[in-house]
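Here is a short report on one protein model. Please keep the sequence and the structure open while reading.

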Amino acid sequence: MTTPRVSVLITGATTAEGVRGNLFLRDGVFADPADAPAGVERIDADGLLALPGLVDLHTHLREPGREDAETVATGTLAAARGGYTCVHAMANTDPVTDTAEAAEYVASLGERDGHCQVVAVGAVTKGLGGEELAELGLMATSRAKVRVFSDDGRCVNDSLLMRRALTYVKPYDGVIAQHSQDPRLAGPGACCHESEISGRLGLPGWPAQAESVIVARDVQLAELAGSRLHVCHVSTAESVEVIRWAKRRGIQVTAEATPHHLLLDTTYVEGFDTTFKVNPPLRTSEHLEAIREALADGTIDTVGTDHAPHARQDKDHPFDIALPGMLGLEQALAVVMEVMVNTGRMDWPTLVARMATTPATIGRVAGQGRPIAPGEPANLVLVDPGARATVDRDVSASRSRNNPYHGLNLPDPVVATFWAGRATYRRP
């Protein structure tokens with residue numbers, strides 16, 4: 001979105017490392033605060049934290065094709081409200097982002113309508129069909145410069161095809177981001193973590209091993225290809241152990257956890273509220289604890305929101321028929337603060353690594369996740385670490401309302417977000 005760049009002097013902010021001082025944003029970069037002219041706009045940031053703008057590797061913006069659920073404009077506004085200055089737009093649009101032209105179109109939508117940087121994710125296979133590789137090289141060398149490829153929502157189940165994809169993207173420094181789901185163990189009807197709860201509710205069960213067996217296969221294929229693998233939305237303790245093994249072995253594997261798999265457990269589905277139907281499903285407490293521990297110790301590298309807006313007509317069905325997915329961008333930072341920072345599991349520099357620096361590195365996005373220092377791009381979020389509020393889905397910037405945090409009292413941290421020196425969100 002084209003908005004005028006303005007000069008802003010932010011006074012009294014404290015960085016994640018605990019350094020307090022002034023920040024001067026000018027012409028899209030951080031400049032020396034001593035150079036701020038008289039009369040420049042000032043923002044009093046006393047008591048606020050200044051963090052690099054957040055980066056999401058896993059966002060569904062729905063445009064083109066499902067603008068009734070979300071658009072680039074509404075989705076990136078939700079991102080800015082959540083402190084994000086960059087999101088990766090997943091490929092399961094209509095048409096699918098499986099060609100260079102489609103990737104360039106998504107990038108152009110971001111340039112025209114975005115409230116943050118929009119990076120196109122390319123499909124691994126044509127039409128997400130899992131049978132023939134998409135235009136990986138053409139997307140990588142296009143103006144969109146695609147570096148992340150994913151059939152998210154559909155596992156690349158064919159082992160030979162997965163090996164070829166990993167091999168093909170290697171010369172472009174690309175990464176295959178896999179939705180790890182064995183299609184036989186977690187069949188078409190599976191919609192609830194396989195447990196006492198799924199049996200009692202009569203919902204088709206999804207065992208933890210349906211995820212971990214694919215992760216185990218893929219890390220070995222990544223080793224064979226000498227290429228990069230990113231495991232999307234890790235949700236099970238078994239997957240965590242496989243990833244730990246792979247990292248000890250030196251395999252180029254990274255992984256993400258979602259906010260909902262950090263906070264919400266299987267008990268939330270007991271009311272059959274389809275807001276809580278998600279893929280992979282909400283897990284039991286022992287899995288949540290494993291995910292939290294792995295995020296803290298770096299086995300899981302990033303937080304990916306898997307922001308998945310749905311129109312009401314797609315959620316207003318019996319639980320096993322409704323589409324899976326939930327909103328995530330606006331409350332992701334709040335959830336990580338609540339579960340990880342406020343409990344002492346994670347400090348602020350580690351949060352910056354998990355939610356800004358590392359995802360920018362995985363996605364090979366220059367200019368994002370950079371230090372707050374003169375000469376660096378002015379991508380910034382101002383955070384009030386003590387603010388809290390009750391989440392209200394009806395005031396969301398998203399076009400959809402499938403917010404799983406509705407009614408919960410959580411941190412409400414984002415005071416302002418600046419992308420390339422432009423204010424994309426200011427708390428009223």
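Which strands does helix α4 lie across? This is a predicted model. In it, α4 (residues 159–169) lies across β9, β10 and β13 (228–231). The helix runs at about 145° to β10.

## The open sheet

The strands under discussion belong to an open sheet of 5 strands. Their order is β9-β10-β13-β14-β15, and the pairing is parallel. β9 (148–149) and β15 (302–303) stand at the edges. Each has a single partner strand, so one side of each is left without a neighbour in the sheet.

β9 and β10 (residues 175–178) pair in the parallel sense over 2 bridges. Phe149 stands opposite Ile176 in β10.

## Pairing around β5

Strand β5 (residues 49–52) runs parallel to β1 (residues 8–15), and 2 bridges join them. Here Thr14 stands opposite Leu49 in β5.

β5 also pairs with β16 (residues 380–383). This time the strands run antiparallel, with 4 bridges between them. Ala50 stands opposite Leu382 in β16.

## Helix α1 and its cover

Is helix α1 mostly covered or mostly exposed? Of the 10 residues in α1 (residues 72–81), 8 are buried, so the helix is mostly covered by the cut-off of under 20% relative accessible area. The buried set is Val72, Thr74, Gly75, Thr76, Ala78, Ala79, Ala80 and Arg81.

Several elements contribute to the cover. They include the strands β7 (84–89), β8 (117–120), β19 (414–419) and β20 (422–426), and also α2 (100–113). After α1 comes Gly83, with a positive phi near 95°.

The largest pocket holds about 890 Å³ of space. Its lining has 38 residues, and the closest to its centre are Asn92, Gly153, Arg154, Asn279 and Pro324. By class, the lining divides into 15 nonpolar, 14 polar and 9 charged residues.

The second largest pocket holds about 340 Å³. It is lined by 22 residues. Nearest its centre lie Arg81, Glu330, Gln331, Val395 and Asp412. Arg81 is also one of the buried residues of α1. At least two lining residues come from each of α11 (332–341), β17 (388–390) and β18 (409–411). This lining has 11 nonpolar, 5 polar and 6 charged residues.

## Cis peptide bonds

Where do cis peptide bonds occur? One joins Asp94 and Pro95, with omega about 5°. Pro95 is found in the loop between β7 and α2. Both of those elements are also among the cover of α1.

Another cis bond joins Asn279 and Pro280, with omega about 0°. Pro280 is in the loop between α8 (259–263) and α9 (285–297). Asn279 is among the residues closest to the centre of the largest pocket.

Leu128 is not a glycine, yet its phi is positive, about 60°. The residue lies in the loop between β8 and α3 (136–141). Leu128 has 8% relative accessibility, so it counts as buried.

Asp173 is not a glycine either, and its phi is positive at about 55°. Its place is in the loop between α4 and β10. Is Asp173 buried, partly exposed or exposed? At 34% relative accessibility, Asp173 counts as partly exposed.

Methods. Residues numbered from 1 in each chain as written. Predicted model: local features only at pLDDT ≥ 70, side-chain atom pairs only at ≥ 80, totals over all residues. Heavy atoms only, no water. Pairing = 2+ DSSP bridges. Buried < 20%, exposed > 50% of the residue type's maximum accessible area, 1.4 Å probe, protein only. Contact = heavy atoms within 4.5 Å. 1 Å grid on protein atoms, 1.4 Å probe; cavity = no way out; pocket = protein on both sides within 12 Å on 5 of 7 lines; lining within 4 Å. Points joined across faces, edges and corners; volume = space filled by probe spheres on them. Nonpolar A, V, L, I, M, F, W, Y, C, P; charged D, E, K, R; others polar. Axes fitted to C-alpha atoms, helices over the stretch in contact; angles between N-to-C directions.
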